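Subject: Structure handover

Hello,

Here is the structure I said I would pass on. Please have it open while you read the notes that follow.

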Amino acid sequence: MRDNEGTQLDQQVHDAYEGIRLSDDAQDRMLGQLLAAQTQRGAREVDGDASPVSEEATGPDSRVAASRRTTPPTHAGRRRPAWRVVLPFAAMLVVGVVVVRTQGMFSEAARETSNSAAAPLAVQKDAASNDALATGAEETEGVAYDAGDLALEELSVAAPEAEAVVEDAYEEARVQPEWYPQVTMADGTTLTTCPEGGAAQQVDEAQVGDALGEATAAASDGSGETVDCMVFALADDAHAYAVRYAGDERYWYGAAL
Amino acid sequence: MSQTCDIEAIFRRHVQTVYRVCYSFMGSAADAEDATQATFMKLVDHPRAFESEEHEKAWLIVCASNLCKDILKSAGRTRVTAMPERELADPQATDPLDTTLDAVLRLPAKYKDVVYLHYYEGYKTAEIAQMLGENPSTVRNRLRDARELLRKALGGEA
């Protein structure tokens, strides 16, 4: 009896939905507007004015699509703060200064060594060179980390390699989940990409499921700064979510708070 | 399968589905049309490729559902007060379909997507859970609660 009631209810609800229909006129009108919008968009892209769409027009994983379409993912999504743009250039300048300085110190130490006659030449030269190299390396690291806590390593490299390091630094400056660990979804669900203050864990893209919606991630320094991100379902029992920051291709584990 | 640019074909395939989802949330034809249009506009603004028509439909349903929830939330509207009187059937209505539709429209927003996906689209609990990013048990509970609410609203006639 109960089963019959249930089946009847199922059928009634199904039929009720079936009764909801959009009229042909409304369909034609809507389609006309969509096609016009698509044409306008195409014209804008041809003009080279592929400006970001309005906030209203963004949707679940639309940022993912946007980041796939635009060439440098850096420019997809939210405009980044000025300091983020300036920082890599400042780091590059610091690297240049440090490289020149290190080379200067090295040659100065070598010159002093060659001028000294009190000790056996080879021993003194080795000691002086090692000191100079050690000092140079320490200063290099100190300055670089002061410049913005960037993961700049091996800064005593030659100029072309230094540029590569700066590129890496720029990459790091682009997205750091630790900077924006607290993610708030549109429905109010809050997650963190750094559970218990630990480091963010990257997720293999193959594990990532459907997009659950857009979210904002708040800065950990309490500045109130936010960046956009997308939250995805994850087929992992231990982690329900994956988070992808705007302009970044990587996914990070997200734990519900 | 890639339908990145064929918005017309996608629209024709899924407009009724998207409209039903939107109507079930918004409760009025005008608002549902606006939400339907906004859903497809997302595809226009961010063309994307789908793996299959099923994937396409699932994406649109979730997109429409989230969009409606956002609209309702941002407008501070509630499920019942937001509904134009015209859209709610006369309590004395005799057409059981109208009565059932009213009962569906009066459901809290959190039940609407699961009810639509289960009762109309015929998705299984696990599939709905995956689409909405919820636990299967949450979806089961919502379906059970929604069914109970519908039963009460229909006065046990179902």
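Of the 158 residues in chain B, 54% count as buried, where buried means under 20% relative accessible area, exposed over 50% and partly exposed in between (1.4 Å probe, protein chains only). In chain A, buried residues make up 38% of 257 residues.

Before going on, note that this is a predicted model, in which local features need pLDDT of at least 70 and side-chain atom pairs count only at pLDDT 80 or more, while totals for chains, interfaces and linings use all residues. Residues are numbered from 1 along each chain as its sequence is written, chains are lettered from A and ligands numbered from 1 in the order in which they are written, and side-chain values use heavy atoms, with hydrogens and water left out.

Chain B

What elements does chain B contain? It has seven helices and zero strands; helices (H or I, at least four residues) and strands (E, at least two) are DSSP runs, numbered from the N terminus. Along the sequence, the pattern of chain B is α-α-α-α-α-α-α. A contact here means heavy atoms within 4.5 Å. Among the contacts in chain B with a separation of 6 or more, 67% are between residues 24 or more positions apart.

With helix α6(B) (residues 125–132), the axes come within 10 Å and cross at roughly 135 degrees. Axes are lines fitted to C-alpha atoms, for helices over the stretch in contact, and angles run from 0 to 180 degrees between N-to-C directions. The helices α5(B) and α6(B) are therefore oblique to each other: angles under 35 degrees count as roughly parallel, over 145 as roughly antiparallel, 65 to 115 as roughly perpendicular and the rest as oblique. The contact is made by B:Asp113, B:Val114, B:Leu117 and B:His118 of α5(B), and by B:Ile128, B:Met131 and B:Leu132 of α6(B).

With helix α7(B) (residues 136–153), the axis of α5(B) comes within 9 Å and the crossing is at roughly 90 degrees. That makes α5(B) roughly perpendicular to α7(B). On the α5(B) side, the contact residues include B:Lys110, B:Tyr111 and B:Val114; on the α7(B) side, they include B:Val139, B:Arg142 and B:Leu143.

Chain A

Chain A has six helices and seven strands. From the N terminus on, its elements run α-α-α-α-α-α-β-β-β-β-β-β-β. Residues 24 or more positions apart account for 56% of the chain A contacts with a separation of 6 or more.

Two strands pair if DSSP finds at least two bridges between them. Strand β7(A) (residues 251–256) pairs with strand β2(A) (residues 190–192) in the antiparallel sense over two bridges, and A:Thr192 has A:Ala255 as its bridge partner in β7(A). Strand β3(A) (residues 202–203) is also joined to β7(A) by two bridges, running antiparallel; here A:Val203 is partnered by A:Tyr251. Strand β6(A) (residues 241–245) is joined to β7(A) by three bridges, again antiparallel, with A:Val243 opposite A:Trp252. In the hairpin of β6(A) and β7(A), five residues lie between the strands, and A:Gly247 takes a positive phi near 80 degrees.

Strand β4(A) (residues 208–218) has antiparallel partners too. Four bridges join it to strand β1(A) (residues 182–185), with A:Thr216 of β4(A) as the bridge partner of A:Thr184. Eight bridges join β4(A) to strand β5(A) (residues 226–234), where A:Val208 stands opposite A:Leu234.

Where the chains touch

A:Gln27 lies in helix α2(A) (residues 24–46). Is A:Gln27 buried or exposed? At 11% relative accessibility, A:Gln27 counts as buried. Leaving out residues up to four places away in sequence, A:Gln27 touches A:Leu22 as well as B:Phe11, B:Val15 and B:Gln16.

Cysteines

How many disulfides does the structure hold? Over all chains there are zero disulfides, a disulfide being a pair of cysteine sulfur atoms within 2.5 Å. B:Cys22 is in no disulfide, and the nearest cysteine sulfur, that of B:Cys68, is 3.8 Å away. B:Cys22 is buried, with a relative accessible area of 0%. A:Cys194 is buried as well, at 9%.

Regards
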